[in-house]
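I opened this model to look up its helices, its nonpolar core and one loop. My entries follow in the order I made them.

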Amino acid sequence: MVLAELGGIDVLIANQGYARCAPIWETSMDDFQAIMNTNFYGHVRLVKAFVPAFRAQGSGSICLVASMLAFMSFYGYGPYSASKHAIVGFSEALRQEIAAIAGKQRADAVVHVATAVRRVGHEGGEHGSAG
C-alpha cells in the first residue's frame, strides 16, 4: 500500500529504539524481549518488508541506525546495548547478501548518531537520554 502510493522507494532508514534503564539482573525477560522486539526486530521487519521492492526496482539504499552503545555499554543499558549490537551484526550479513545479488543496492549500519533515546527506569520514570 505504501509503495503503491509513493510509486517506489529510494531509501529506507530504520531508526527505532528505546531503553529501559536497570541492571541486567533486575530486568525482566518481558522487558528484554520488548527491547529486542522494538530495537532489533523492528529493523528486521522493515528490511523484510522493503527489500523485495528494492530488488524489483534494481536499486535502493538502506540505512540501519544503531548506536555507539552497540560497541560499549553503561550501567543499566545491557539490553539496549545488546539490541543495538544485534543491528550491527544483522547489517553486516545483509550487506554481504545484497552484494551477492549486486546492482546499486547497499546496506550500511550507521553506528554513531546523536539521538535522544528516552530511557525508562525500572521504577517506570523517564531518565535523560543516551546515544
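**Entry 1: helix α4.** I began with the buried residues of α4, which are Gly78, Pro79, Tyr80, Ser81, Ser83, Lys84, Ile87, Val88, Ser91, Leu94 and Ile98. Buried means under 20% relative accessible area, exposed means over 50%, and partly exposed lies in between, with a 1.4 Å probe and protein chains only. I then checked the length of α4. At 1.5 Å a residue, its 24 residues should span 34 Å, and the end C-alpha atoms are 35 Å apart, which agrees. The expected span is 1.5 Å times one less than the number of residues in the helix.

**Entry 2: ground rules.** The model is predicted, so local features need pLDDT of at least 70 and side-chain atom pairs count only at pLDDT 80 or more, while totals for chains, interfaces and linings use all residues. Residues are numbered from 1 along each chain as its sequence is written, and side-chain values use heavy atoms, with hydrogens and water left out.

**Entry 3: overall layout.** I counted 4 helices and 6 strands. Along the sequence I read α-β-β-α-α-β-α-β-β-β. Helices (H or I, at least four residues) and strands (E, at least two) are DSSP runs numbered from the N terminus. Of the 131 residues, 38% count as buried. I also looked at contacts, meaning heavy atoms within 4.5 Å. Among contacts with a separation of 6 or more, 65% are between residues 24 or more positions apart.

**Entry 4: the core.** Which residues have the most contacts inside the largest nonpolar core? They are Ile9, Leu12, Val47, Ile62, Leu64 and Leu94, in a core of 18 residues. β1 (11-14), α3 (41-57), β3 (61-65) and α4 (78-101) each give two or more residues to this core. The largest share, 6 residues, comes from α3. A nonpolar core is a set of buried Ala, Val, Leu, Ile, Met, Phe, Trp, Tyr and Cys residues joined through side-chain atoms within 4.5 Å. I followed Ile9 further. Beyond its neighbours within four places in sequence, Ile9 contacts Leu3, Phe50, Ala53, Phe54 and Gln57. A second, separate core has 5 residues, including Ala19, Cys21, Tyr77 and Tyr80.

**Entry 5: helix α3.** I found Gly42, His43, Val44, Val47, Phe50, Val51, Ala53 and Phe54 buried in α3. Their cover includes α1 (2-6), β1, α2 (29-39), β3 and α4. The 17 residues of α3 should span 24 Å at 1.5 Å a residue, and its end C-alpha atoms are 25 Å apart, which agrees. α3 bends by about 35° at Phe50, and Pro52 follows within four residues. The bend is the angle between axes fitted to the seven residues ending at a residue and the seven starting there. After α3 comes Gly58, with a positive phi near 85°.

**Entry 6: α2 against α4.** Where do these helices meet? Phe32, Ile35, Met36 and Asn39 in α2 meet Pro79, Tyr80, Ala82, Ser83, Lys84, Ala86 and Ile87 in α4. The axes of α2 and α4 come within 9 Å and cross at roughly 35°. Axes are lines fitted to C-alpha atoms, for helices over the stretch in contact, and angles run from 0 to 180 degrees between N-to-C directions.

**Entry 7: the loop between β3 and α4.** Ser67 sits in this loop. Is Ser67 buried or exposed? Ser67 counts as buried, at 0% relative accessibility. Met68 is in the loop too, but is partly exposed, with a relative accessible area of 28%.
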